[in-house]
Amino acid sequence: MSTPSPAHSPIRRLTLRDLTACADLSENRGWPREEHKWGFLLTAGTGYGIDDPDGGLVAACVVSEYGPQDRPDLGAIGMVLVAERHARQGIGRRLMRHVLSTMGSTPLTLHATPFGRPLYEELGFKVTGRAATVVGHFTPDEPRPRIDTRAATAADLTGILRLDDEVFGIDRTPVITRLPAFADQLRVAEERGRIIGYAAAWPNMDTQVVGPLIARDTETAKALIASLAAGTDRRLRTDIDVRHEELLAWVTERGLAPVFHNDVMMYGSTEPPGDWTRRFAPLTVAAG
């Protein structure tokens, strides 16, 4: 009996039991295993995958939904991967079409690599922005940021959620409330008893990823990054909206080098919701 073709295998929901298979798939395509991130995404979002008859996964992706549970206002697509030996067989296109059909009229966003962009354009996604990924050991320098920051406490969660909803433009409570358990550090900037910025740093292989990074202005964003860097000896990594030119120049001067760029793309909407001037970096490009 011949082995069924993965191109026609059913697409199913992924769970935490698939975490190792997802990490194996990442490694197969030359990505880091990123098990900590996969665990977060599979818990907070919805994973879709196609099983390989020989074991493991042929393909996978994750969708993070924001807004009301029954009628989300936005879906962020990430971790779209097809195993090397099954590449260029239309499997990624089939998986994406399944996501588009499942999400219906919900606007969708994703960060596209140059390799993936042609497929997303073919499916109707439009480029609406760009993000620069920077990595390196942060070297503090004078003058120090003028904004004071501190570690967030449980009492800050209401203020963090208020600010996130205001800046992101859509309720992300299920994701943001998971940050204290997911991140190594969660810090806030405060003025007159009101939170004006917050940022997290979470472990990813040999780096600490800074995200989300939401702040009233560039000085507040600088202060949050500097305070997170002071709490780790690992390299920092973050994905900064290229429109924040001053912040990009500042982190570059302090040791974080640009390693690549991703295009921010939208489907079903002309631009992402919220206030980009206060949204400096996403939690992860896989979750918007």
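Reply: A cavity is a set of grid points where a 1.4 Å probe fits but cannot get out. The model is predicted.

Me: How many cavities of 30 Å³ or more does the structure hold?
Reply: The largest cavity has a volume of about 60 Å³. The second largest cavity holds about 30 Å³ of space. At a cut-off of 30 Å³ or more, the number of cavities is two.

Me: Which elements give two or more residues to the lining of the largest cavity?
Reply: The lining consists of Glu34, Lys37, Trp202, Asn204, Val209, Arg237, Asp239, Thr284 and Val285. By class, three of these are nonpolar, two polar and four charged. The elements that supply two or more lining residues are strand 9 (194-204) and strand 11 (235-241).

Me: How does the lining of the second largest cavity divide into nonpolar, polar and charged residues?
Reply: The second largest cavity is lined by Phe168, Arg172, Pro212, Ile214, Arg279, Ala281, Pro282, Leu283 and Gly288. Two or more of the lining residues come from each of strand 10 (207-215) and strand 13 (279-281). Gly counts as polar. The division is six nonpolar, one polar and two charged.

Me: Why are the buried residues of helix 1 on the same side of the helix, and what do they pack against?
Reply: Leu19, Cys22, Ala23, Leu25 and Ser26 are the buried residues of helix 1 (residues 19-28). They lie on the same side of helix 1 because they cover an arc of only 155 degrees around the axis. Their packing partners are strand 1 (11-14), helix 2 (35-44), strand 3 (57-66) and strand 4 (74-82).

Methods:
Residues are numbered from 1 along each chain as its sequence is written. This is a predicted model: local features need pLDDT of at least 70, side-chain atom pairs count only at pLDDT 80 or more; totals for chains, interfaces and linings use all residues. Side-chain values use heavy atoms; hydrogens and water are left out. Buried means under 20% relative accessible area, exposed over 50%, partly exposed in between (1.4 Å probe, protein chains only). Helices (H or I, at least four residues) and strands (E, at least two) are DSSP runs, numbered from the N terminus. The arc is that of the directions from the helix axis to the C-beta atoms. Contact means heavy atoms within 4.5 Å. On a 1 Å grid over the protein atoms alone, a cavity is a set of points where a 1.4 Å probe fits but cannot get out, and a pocket is an open set with protein on both sides within 12 Å along at least five of seven lines; lining residues have an atom within 4 Å of a point. Grid points are joined across faces, edges and corners, and a volume is the space filled by probe spheres set on the points.
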